[in-house]
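Visitor: I would like to be walked through this molecule slowly, one question at a time. Could you start with the idea of a core, and then take the parts in turn?

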Amino acid sequence: MYDLTIIGGGVIGGSILRNLSRYDLKICLLEKEDDVCMGQSKANSGIVHAGFDAAVGSLKAKFNVLGNEMMPDFAKELGVKYVNNGSLVVAFSFEEMKTLEELRERGIKNGVKGLEILDREELVNKEPNISDEAVGALFAPTGGIVCPYELTIAAIGNAMDNGAVLITNFDVCKIDGEFGNFTVYSQDGQKVETKAVINCAGLGGQKIAELVGDDYIKLGGRKGEYILLDRESGDFVSHTLFFTPTAKGKGILVSQTVDKNIILGPTAEEVSDGDTSTSADGLNSVIEKANKMCKNVPLYNTITSFAGVRAYSDRHDFIIEESKNKKGVIHCVGIESPGLTSAPAIAKYVTENLVDKLFDLREKKDFNPIRKPDYFFKNLSDDEKNEIIKTSPEYGHIICRCEQITEGEIIRAVKENPPAKNIDAVKRRTRAGMGRCQGGFCQPQVAEIIAETLGIPLTEVTKSGKGSNLVLERTK
Ligand SMILES: Cc1cc2nc3c(=O)[nH]c(=O)nc-3n(C[C@H](O)[C@H](O)[C@H](O)COP(=O)(O)OP(=O)(O)OC[C@H]3O[C@@H](n4cnc5c(N)ncnc54)[C@H](O)[C@@H]3O)c2cc1C
């Protein structure tokens, strides 16, 4: 019997799991996919928002500003790259400059520090590739960037290193019982017994709420399509550039990522399911807007496109509360943007204000908050590399040529918490396959390493879980 079971291995479920692993509790995370971080936490802009955008007094505003403050230490403890690059909301007319004043006022009310209105000259000094049409900007020095899947995987890995249990391929379809004695069932007949449940199921959050009779929770999906440019263009911009919001929405952003790619997007399109396909219309609108924001956008360096689906609530705010019908059930749903930014603050709030009411929380003496940033062999000095290769020769064997990822790093990703059991999972942990050729050369070798490390036949290795097997049978 677990004390607490979290449903959904995104950045919210992962951050709460990690925070709860400080305490003397038996905790478990259930994820329907073959790996963690398979929902919105995998495909978003990776921006640590400053917090001037959300309505004053909303949960979004509160957790955004707190999360922004907590993120540098959170990322550091977890060994995850975070860059305080600052953000710029760019105005293209004097009417938009007035909107920037309103944004600045709202930001100040939300508690955002250091907001400053820049004229065109100051803006061009910060971003030389900005459009000739731009007239000024709102500068937010506390804006940042982080890798969303690295953060989610590291939070869950650190929680597991501290005793939490992860069960993947567990698609929750039924919850029975009462506080102190729930049974959670999966589609394929597995079951988990737990005293309490936290619903962090992203787009699946409404279904989980309905399983405990909470049909007042209503969620919708809004797709966002992106284009990613190669690291060769990584210095094209250094800040995160937003359009000034209008009645029609916020438009797209142009930003550097922590890995020095350039990200363009996202669009905003209502969808009724989790459809993450990209479309010519969507990507063309990203290109059009990116060309409005900047001069000479190096689109020839495009390496991939992708989409994520925001799970928003009909309250247009986060829902972070106890169930109205079932004691022992907590909902953390409708966590659209700025949910990534808010994750550490939401985790702290849920622990100290909601879980605290259900359990007598006692800190473990041996909780270790530190996860070593051990993924990037290529960043070591030659002496350090040679030292490692002496005892582990697999680190001397480059598998992904674009990103220079070694066999040793892939084996480690398959073995350490949370284990990477498929090719995309290895990619998210090591970057093998994330470079210019997008896995064209290294994918078969990565599959062989996974098969060998897990001791399974190659026919069982998948790209991203059930039904995505790479090879079906031996021909010779
Ligand atoms: C296009 C886009 C851009 C964004 N940009 C930003 C940004 O720049 N900055 C920012 O702060 N935020 C941003 N966000 C918001 C941020 O990504 C989300 O707020 C955050 O990822 C929400 O995390 P989550 O854990 O709630 O949901 P998810 O990451 O979706 O996780 C939910 C998990 O639950 C699992 N699940 C669902 N149903 C079940 C079930 N029945 N049983 C078991 N498991 C289940 C899913 O497989 C999934 O892994 C963006 C979002 C999108 C989509």
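Guide: A nonpolar core is a set of buried Ala, Val, Leu, Ile, Met, Phe, Trp, Tyr and Cys residues joined through C-beta atoms within 7 Å. Please keep in mind throughout that this is a predicted model.

Visitor: Which residues touch the most other members of the largest nonpolar core?

Guide: In soluble globular proteins, nonpolar side chains tend to be buried together. Here the largest nonpolar core has 79 residues, and it draws at least three residues from each of domain 1 (2–41 + 149–218 + 315–358) and domain 2 (87–141 + 220–313). A second, separate core of 40 residues includes Phe 52, Leu 123, Leu 253 and Ile 263. Within the largest core, the members that touch the most others are Ile 16, Cys 332, Ile 346 and Val 350.

Visitor: Which residues does Val 350 touch, not counting residues up to four places away in sequence?

Guide: Val 350 is one of the residues with the most contacts to other members of the largest core. Once residues up to four places away in sequence are set aside, Val 350 touches Ile 16, Ile 198, Ile 320, Ile 330, Cys 332 and Val 355.

Visitor: How does the radius of gyration of the protein chain compare with the globule rule, and what is its value?

Guide: The protein chain has 12 helices and 22 strands. For 476 residues the globule rule gives 23 Å, and the chain comes close to this, so it is as compact as a globular protein of that length. The radius of gyration of the protein chain is 22 Å.

Visitor: Which helix gives the largest share of the side of domain 1 that touches domain 3?

Guide: The C-alpha centres of domain 1 and domain 3 lie 30 Å apart, and their contact takes 11 residues from domain 1 and 9 residues from domain 3. By class, the side belonging to domain 1 has 7 nonpolar, 1 polar and 3 charged residues. The largest share of that side is 6 residues, and they come from helix 5 (residues 148–161).

Visitor: Is helix 10 largely enclosed or open, and which elements do its buried residues pack against?

Guide: In helix 10 (residues 407–415), 7 of the 9 residues are buried, so this helix is largely enclosed by the rest of the structure. Those buried residues are Glu 407, Gly 408, Glu 409, Ile 410, Arg 412, Ala 413 and Val 414. They pack against strand 21 (398–400), strand 22 (405–406), helix 11 (423–430) and helix 12 (443–454).

Visitor: Is Val 426 buried or exposed?

Guide: Val 426 has its place in helix 11. Leaving aside neighbours within four places in sequence, Val 426 is in contact with Ile 410, Ala 413, Val 414, Ala 420, Ala 432, Val 446 and Ile 450. A residue counts as buried if 20 or more other C-beta atoms lie within 10 Å of its own. Because Val 426 has 30 other C-beta atoms within 10 Å, this residue is buried.

Note on methods. Residues are numbered from 1 along each chain as its sequence is written. This is a predicted model: local features need pLDDT of at least 70, side-chain atom pairs count only at pLDDT 80 or more; totals for chains, interfaces and linings use all residues. Helices (H or I, at least four residues) and strands (E, at least two) are DSSP runs, numbered from the N terminus. The radius of gyration is taken over C-alpha atoms; the globule rule is 2.2 Å times the number of residues to the power 0.38. A residue is buried if 20 or more other C-beta atoms lie within 10 Å of its own, exposed if 12 or fewer, and partly exposed in between; C-beta atoms are placed from the backbone. Domain bounds come from an automatic or database domain assignment. Two residues are in contact if their C-beta atoms, placed from the backbone, lie within 7 Å. Ala, Val, Leu, Ile, Met, Phe, Trp, Tyr, Cys and Pro count as nonpolar, Asp, Glu, Lys and Arg as charged, and the others, Gly among them, as polar.
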